Amino acid sequence: MRPSQSHLLSGFMNDRITLISNMPAPYREPVFEEVARHYRDNFTVLYCKRIEKDRQWQVQIGKYSHVFLPGWSFTYYRVYLHHVHWNHGVWRALNRQDPAVVITNGFNPSHLMGFLWAIAKGRTHVAMTDGWLKSEEHLTPLHRWLRRVVFRKTSAFIGASRRSLEMFQSYGAPVDACFQSHLCGDNAAFFPHGGALADRPYDLMFSGQFIDRKMPDFFCEVARLVQQRRGTLKVLLIGDGPLRAQTLQTLSDLGIAHDCPGFLSQAELPARYASAKLFLFPTRQECWGVVVNEACAAGTPVITCDNSAVDGELVQEGVNGRVLPLEAAQWAQAALALLDDEAQWSAYSRASRETVAPYTHQNAGQGIVQALQHVSS
């Protein structure tokens, strides 16, 4: 049930909410619009940057109050490419908005300043993350200490996955203060697409940045083994990155037919996903992977590993896909079994659409609203 528009945060001196985020993301903009429908102009997002340098997203900003803060940033690589933002205007922006609740979805200096502002002003802090224990296993003792400090002063916790909530709870967050706001694609755009196994021209598909962490070389090795057994193979690769040319050269050297249209807009993606029989999602480490939502919504079964929180939540072993160790021979065997068994493939395809159906922008927005209701009660 939606909160009363006249008493949205009745336990506070005002109804204003401010969320501090790194940059606009296509999978979060509709979610923030959903939150804004509950709280109107009382919900504002402060962005640290318009776009980070490793992204090519063409994002249409949602219909909600937002501000791009002045500031600077730098990057460093440790498992992930980390973007560090320092926006000197965050304190002034919070003073102007004077929110009752501050939500931070990271631990950049700008997020930490937002947390400190909330503590200094006696306001409520809510923590939000996409991360989970495995995606944060590389953290230094300082990073972990900072999380403990912040979480001790946090009133509610919003995670992108069930494993995000487990991570919060490992730091002592109360179970009843944890709420899920999952990551999702635009299911409505993908559901009309798709078809039978025989109607899909590509056998295997890769989608993501062409970087080591996404393992395009592993994709090529699986493709090699599948072609070795089948004789012919056609693959689709979507995305861009420093390893793209090397990956395509490898496929050419192996004699594997492939198409790689590069980075595509959101509108171009549904038909592409629906043209592939199987989606391979190898990764060395990942918070989630919205590409898996998109594959499932297109009815494309997924083969992945346990290095992403989609394992067991969105991709369920033996139900709508496979979750396997990062051994190319096992992935190739699983792919061959599905490509050669139309009945099993069709069952996985149907189950993929059913599993991803609740992963909507509306439900993700409701997770944030529930956290806000919790802190106002």
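Lys-134 is partly exposed in this predicted model, with a relative accessible area of 23%. Its salt-bridge partner is Asp-306, with 3.7 Å from N to O. Lys-134 sits in the loop between strand 7 and helix 4, and Asp-306 in the loop between strand 14 and strand 15, so the bridge ties together parts that are 172 residues apart in sequence. Asp-306 is also partly exposed, at 38% relative accessibility.

The count of salt bridges comes to 14. A second one joins Lys-214 and Glu-286, whose closest N and O atoms are 2.6 Å apart. This pair links distant parts of the chain, 72 residues apart. Here Lys-214 is buried, at 13% relative accessible area, and Glu-286 is buried as well, at 8%.

Arg-230 lies in helix 7 and Asp-340 in the loop between helix 11 and helix 12, so parts 110 residues apart in sequence are tied together. Arg-230 is partly exposed, at 33%, whereas Asp-340 is exposed, at 55%.

Cys-305 is buried, with a relative accessible area of 1%.

Which of its residues are buried? They are Val-90, Ala-93, Leu-94 and Gln-97. These residues cover an arc of only 100° around the axis, which puts them on the same side of helix 2. Their cover includes strand 1, strand 6 and helix 3.

Definitions and conventions. Residues numbered from 1 in each chain as written. Predicted model: local features only at pLDDT ≥ 70, side-chain atom pairs only at ≥ 80, totals over all residues. Heavy atoms only, no water. Buried < 20%, exposed > 50% of the residue type's maximum accessible area, 1.4 Å probe, protein only. Helix = DSSP H or I, 4+ residues; strand = E, 2+ residues; numbered from the N terminus. Arc of directions from axis to C-beta. Contact = heavy atoms within 4.5 Å. Salt bridge = Lys/Arg side-chain N within 4 Å of Asp/Glu carboxyl O.
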